[in-house]
Amino acid sequence: MKRALSLVLCLLLLLPAALPTHAANESIACNTQEWAVLKLVNIERMRRNIAPLTMTVSVQQAAQKRCEELLILVAHKRPNGKDCFTVLDDYRIDAQVAGENVAAGQRDAEQVVNAWMNSSGHRENILNGDFVHMGTGYLPGTLSTEYISYWSQLFVTAECTQRDFRVLNAENLVVPLGTSIEDMNLTAEVTCSVHGLSILPVITKMCIGYNPDQPGTQTVQVSYRGQYTNIKVTVGEIGDEIIRKADGNMGNFTPVLNYYYLYADVSENAWYYDDVYLAEIYDLMRGVSNVRFNQEGTLTVAQALMMAARVRSIYMGGTGKIGQDGERWYTKAYVYCVEQGIINEWEFAGADGKPKVERAATRAEMAYILGKSLPEKELMQIRQVDRIPDIRETDRYGHEIYALYRAGVLRGKDGTGRFGAEDAVLRAEAAAILIRLVLPARRDG
């Protein structure tokens, strides 16, 4: 078996060593970051007229296993000292050609794929036309690990032939004008003669006959390795109305309420007085009752997620009304944040895979969650910040914290500029950060 190895560590490239769960079928599971890696890799391949890769049950499981092992040892050797490709034997994967890329320290799928594409060895694996399938693993770091994230890719091929190509859940598609194929988040399924059920994201280069700016019903041909299927997409028309894709806009943040409650525990002389009432008028944060704000109370992860969901919803032209029904009061906000890519489903989950968010949030967690509720273009740098005394930019959540400092959203806790990453977040602090986030005029230059 021919084998190819490539390794990325932290945000430095070394010489090569040689999406709730997203699933089209319950037996092929990947988180949102892993699915995004597959989509970005296929975009890079198809730009160069190289066939896209698919994800299979066993290859995906093997890649996730390798990612788990990276938390112990970031290398092309497994923690037991064996070669990395012995994982293929563990999952009974037939492979004539195989390759591996690993990485640690990148904040998201886009950054890790960019790092790999800018390194010749890793790029060679990604663009190798012999490969047919790819599994990808992603895990966030923990307080006990060296890096903030861990990534793996496994590439394989054998005597693979494909059949039964189709696009899933593509009946009666209606999308706003300006919606790209990627925005539709379509998944295609195909059966490999060697590796069985395979899935891949549908991307623009796989499609013929789609015009995102032409209203009406369009027949779109989707292809994969010589197989074709057609789907119908209605663009922009719902009844007699033409619907256009909404773009995010900071101008969407406007006062909602024409009144506010006078909280007995918020003094007019308090530094956070204006922020508390602005947060209420903009319908982003309320008191614990009509007479009490509880400024010294601590913010939970669930409450931070609800705030982030409201911010993203309003920014995208929505109402910010995130329902509180479901298994828990925060369920809809949690799901919305996962769907919007603000968090991924593993980051705040317990060992049972369920969200563990009713605990106090740290200042670092709050910065991470709120910082990702807006795109980076809305966090323009207005001050120079090269160093925060108690946190490095490469630390877990460091990228988001530094971005918010530079945008004037975050301030230090004292005269030294110390952030206090592991400290709890007071509700008064949360209100101030929230208002500086959505109202750029209140940010500190």
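Guide: A quick definition before we start: a charge sits over a ring if NZ of Lys or CZ of Arg is within 6 Å of the ring centre and within 35 degrees of the ring normal. Keep in mind that this is a predicted model.

Visitor: Thanks! So which ring does Arg 427 lie over?

Guide: Arg 427 lies over the face of Phe 293, at 4.5 Å from the ring centre.

Visitor: And what about Arg 363, which ring is under that one?

Guide: That's Phe 419, with Arg 363 over its face at 4.7 Å from the ring centre.

Visitor: Back to Phe 293: which residues form an aromatic cluster with it?

Guide: Phe 293 forms one aromatic cluster with Tyr 263, Tyr 273 and Tyr 277.

Visitor: How many aromatic pairs does the structure hold?

Guide: There are 11 aromatic pairs. One of them joins Trp 329 and Tyr 330 edge-to-face, at 5.7 Å centre to centre and 85° between the planes.

Visitor: Is Tyr 330 buried or exposed?

Guide: Tyr 330 counts as buried because its relative accessibility is 7%, and the cut-off for buried is under 20%. Trp 329 is partly exposed, with a relative accessible area of 31%.

Visitor: Switching to helices, at what angle do H9 and H10 cross?

Guide: Roughly 75°, and the axes of H9 (residues 363-371) and H10 (residues 398-406) come within 8 Å.

Definitions and conventions:
Residues are numbered from 1 along each chain as its sequence is written. This is a predicted model: local features need pLDDT of at least 70, side-chain atom pairs count only at pLDDT 80 or more; totals for chains, interfaces and linings use all residues. Side-chain values use heavy atoms; hydrogens and water are left out. Axes are lines fitted to C-alpha atoms, for helices over the stretch in contact, and angles run from 0 to 180 degrees between N-to-C directions. Helices (H or I, at least four residues) and strands (E, at least two) are DSSP runs, numbered from the N terminus. Rings of Phe, Tyr and Trp (its six-membered ring) pair if their centres lie within 6.5 Å; planes under 30 degrees apart count as stacked, over 60 as edge-to-face and the rest as tilted. Buried means under 20% relative accessible area, exposed over 50%, partly exposed in between (1.4 Å probe, protein chains only).
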